[in-house]
Amino acid sequence: MSTEIVARVIHLSASYGPHEVLKDISFEIGAEDCLAVVGPMGSGKTTLAKALSGRLFRKGEVWFQGSFVLYVEQQHHFKNRSNISEFYLQQRFNSADSEDSYTVREELAELDVAEYVTMFKLEGLLDKPLLQLSNGENKRLQIVKALGQRPDWLLLDNPYLGLDVAGRAVLSAGLSQLQAQGIRFILFLSGGDIPEFVNRVYRLRRDVPVIPKLKHQDEHFNPMLQHGERNNNPGLQPGDLGDSPIVSLRNVTIRYGSKTILDQFSWTINRGERWVLKGPNGAGKSTLLSLITADNPQSYAQDITLFGRKRGTGESIWDIKRNIGYVSPEMHLYFKETGTSFAVVASGLFDLLGVTRKVNEQQTEQVDGCLAMFGLGYIRDRPFHTLSTGEQKMILIARAFVKNPPLLILDEPCQGLDQEQVQRVKDVIDHLTATSDMTLIFVSHYAEDVPSCVSRELTL
């Protein structure tokens with residue numbers, strides 16, 4: 001007995017300008033199928049989702065039973081109350097700005113989604129400002145908003161990205177209920193476990209140059225360390241601190257309205273220590289890191305010393321940032337650079353979210369060396385906005401490393417990467433920390449993503 005076909009794709013191709021990402025994609029979906037599209041970084045998963053939903057020009061035949069196909073992207077985008085501009089990177093840490101953020105209840109006010117609010121466990125968040133939602137809460141809200149439009153199909157681009165174990169379970173339970181109700185969706189996944197309710201998998205392949213394996217014994221493995229120097233960076237130099245810690249937080253308390261995020265919290269990080277920072281979504285990890293990266297205005301009222309200098313004693317945020325290499329999901333969300341991959345990595349030399357300065361010959365070699373170290377030379381001259389989400393993440397990771405900073409803060413660096421790229425990031429970190437006194441804060445929900453050099457743990 002033949003299965004009813006509810007979707008069909010025949011000889012689909014899609015491009016970004018002259019760069020063809022997908023070619024000759026064909027598959028069918030049966031009435032009983034729940035499909036997941038998987039593939040390595042740069043294989044075209046997001047491009048396929050956008051092409052299927054009509055958001056990207058395509059060639060070939062695409063047919064879905066029911067005409068309303070809605071793409072739910074990885075990144076969330078909310079406007080402020082004035083509806084003039086989106087939120088900016090540091091705004092979530094400014095308690096005064098929470099008044100400019102709609103609440104979940106207001107965001108859903110025009111939609112008939114009470115059933116889905118319960119299904120995806122958003123009931124307790126209805127009066128929470130959008131600005132203060134965790135990554136997992138935002139993902140579930142995006143799905144509920146999409147369901148409020150009554151689509152025939154949902155195309156969910158990496159919905160599990162950045163979720164902790166509990167968040168993954170809540171999302172899976174909600175999607176299972178959708179499937180039981182006959183609401184159709186396709187998952188586009190970078191890696192990790194495939195949910196149990198998925199019964200069909202379509203695998204995309206990546207057609208890019210083979211990336212050579214890293215050789216730790218190669219003296220040129222780290223092109224940023226020149227002439228045998230152990231810690232060649234433009235910020236803190238060996239001996240500047242003496243025996244002082246890199247980071248010292250003493251009895252820090254951070255509140256937003258009536259909610260306390262950190263309560264009498266203390267943490268000391270000494271030079272050369274490698275930490276993993278753990279905790280569920282919403283535990284306060286991003287708030288804690290914002291105190292160290294000088295992005296949180298409440299830090300001036302706290303007992304915080306960074307790189308040997310107490311906050312509020314006349315230092316600028318640039319005095320702090322020049323000592324830090326940083327990447328996070330929020331930085332990726334708000335990074336609007338339209339230049340090339342080379343330009344984005346080069347911006348890390350100047351602590352800018354985009355290049356406004358020319359680079360000299362030595363800096364050019366430094367950027368190219370960093371791209372080579374991460375196997376990204378093949379996209380050096382590609383516009384950043386045309387890259388896959390995983391490729392963009394790798395470029396931003398390279399940007400964090402490019403100036404060889406004394407303190408490296410990697411907040412969920414491996415989310416959205418394939419297994420090969422996760423191993424590449426871990427290999428680079430392990431080698432650099434073995435050949436320098438670089439200090440590391442590594443944030444992850446998953447033990448398998450943590451580099452072997454990490455020896456200390458903080459759980460919120």
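Predicted model: local features only at pLDDT ≥ 70, side-chain atom pairs only at ≥ 80, totals over all residues.
Residues are numbered from 1 along each chain as its sequence is written, and side-chain values use heavy atoms, with hydrogens and water left out.

**Helix α10**
- The 13 residues of α10 (residues 361-373) should span 18 Å at 1.5 Å a residue, and the end C-alpha atoms agree, being 18 Å apart.
- At the start of α10, the backbone nitrogen of Q362 has a side-chain oxygen of N360 within 3.1 Å.
- After α10 comes G375, with a positive phi near 70°.

**The second largest cavity**
- The structure holds 3 cavities of 30 Å³ or more; a cavity is a set of points on a 1 Å grid over the protein atoms alone where a 1.4 Å probe fits but cannot get out.
- The second largest cavity has about 60 Å³ of space.
- Its lining residues (an atom within 4 Å of a point) are V72, E73, Q74, K139, Q142, I143, L156, D157, N158 and P159.
- Two or more lining residues come from each of α4 (135-147) and β6 (153-157), and α4 gives the most, with 3 residues.
- By class, the lining of this cavity has 4 nonpolar, 3 polar and 3 charged residues.

Key: 1 Å grid on protein atoms, 1.4 Å probe; cavity = no way out; pocket = protein on both sides within 12 Å on 5 of 7 lines; lining within 4 Å. Points joined across faces, edges and corners; volume = space filled by probe spheres on them. Helix = DSSP H or I, 4+ residues; strand = E, 2+ residues; numbered from the N terminus. Nonpolar A, V, L, I, M, F, W, Y, C, P; charged D, E, K, R; others polar. Expected span 1.5 Å × (residues − 1). Polar contact = N/O pair within 3.5 Å; in protein donor to acceptor, adjacent residues only side chain to side chain.
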